[in-house]
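Subject: Structure for you to look at

Hello,

Here is the structure I promised to pass on. Please have it open while you read, as my notes follow below.

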Amino acid sequence: MKEAVLYCRVSTKKQTKGHGLQRQLNRGIEWAERNGYDLVAVFSEFGSDFENKSKLPARTQAQRVASYRDCPVLIEDWDRWSRNCSFPECKVIEMGISDR
């Protein structure tokens, strides 16, 4: 089975009161199972990198684990990685599971 890391993020306090992280987690797990991926790590966080790129430590950890294990990071949508298009130093698969 292929390996992958799952990364989930919400960026506003309002989103933390909803089900955004849980939805991303559930759909990410389902997507991985359907597509033959074994999740070796799951990272989630609340935060935005709009002004400070170092404010997302879980994203950094997800990238490190994926690079070390030579596997992709699964994300719901590119805006969950970054709205500023800071491209990762590892492979990323956009799962395309957003409600939008």
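**Notes on the chain**

Just after α2, Gly 36 takes a positive phi of about 75°.

Residues are numbered from 1 along each chain as its sequence is written, and side-chain values use heavy atoms, with hydrogens and water left out.

How far can you trust it? The pLDDT is the predictor's confidence in each residue, from 0 to 100. Its mean over the chain is 80, and 64% of the residues reach 70 or more. Strand β2 (residues 37-46) has the highest confidence, at a mean of 95, whereas strand β4 (residues 92-94) has the lowest, at 63. Where pLDDT is low, the predicted coordinates should not be read in detail.

As for the overall layout, the chain has four helices and four strands. Read from the N terminus, they come in the order β-α-α-β-α-β-α-β. Of the 100 residues, 40% count as buried; that means under 20% relative accessible area, with exposed being over 50% and partly exposed in between (1.4 Å probe, protein chains only). Taking contacts (heavy atoms within 4.5 Å) between residues at least 6 apart in sequence, 59% join residues at least 24 apart.

Back to helix α2, which covers residues 20-34. Its 15 residues reach 21 Å from the first C-alpha to the last, close to the 21 Å expected at 1.5 Å a residue; the expected span is 1.5 Å times one less than the number of residues. Which residues of α2 are buried? They are Gly 20, Gln 24, Gly 28, Trp 31 and Ala 32. These residues lie on the same side of α2, because they cover an arc of only 95° around the axis, taken from the directions from the helix axis to the C-beta atoms. On the face turned away from that buried side, α2 carries the exposed residues Glu 33 and Arg 34.

Now for the charged pairs. A search of the whole structure finds two salt bridges, each defined as a side-chain nitrogen of Lys or Arg within 4 Å of a carboxyl oxygen of Asp or Glu.

- Glu 3 pairs with Arg 69, with the closest N and O atoms 2.8 Å apart. Glu 3 is partly exposed at 26% relative accessibility, and Arg 69 is partly exposed at 39%.
- Glu 76 meets Arg 23 at 3.0 Å, N to O. This pair also links distant parts of the chain, 53 residues apart: Glu 76 is in the loop between β3 (73-75) and α4 (78-81), and Arg 23 is in helix α2. Glu 76 is buried, with a relative accessible area of 1%, while Arg 23 counts as partly exposed at 26%.

Asp 70 sits in the loop between α3 and β3 and is exposed, with a relative accessible area of 57%.

Best wishes

Notes: Helices (H or I, at least four residues) and strands (E, at least two) are DSSP runs, numbered from the N terminus.
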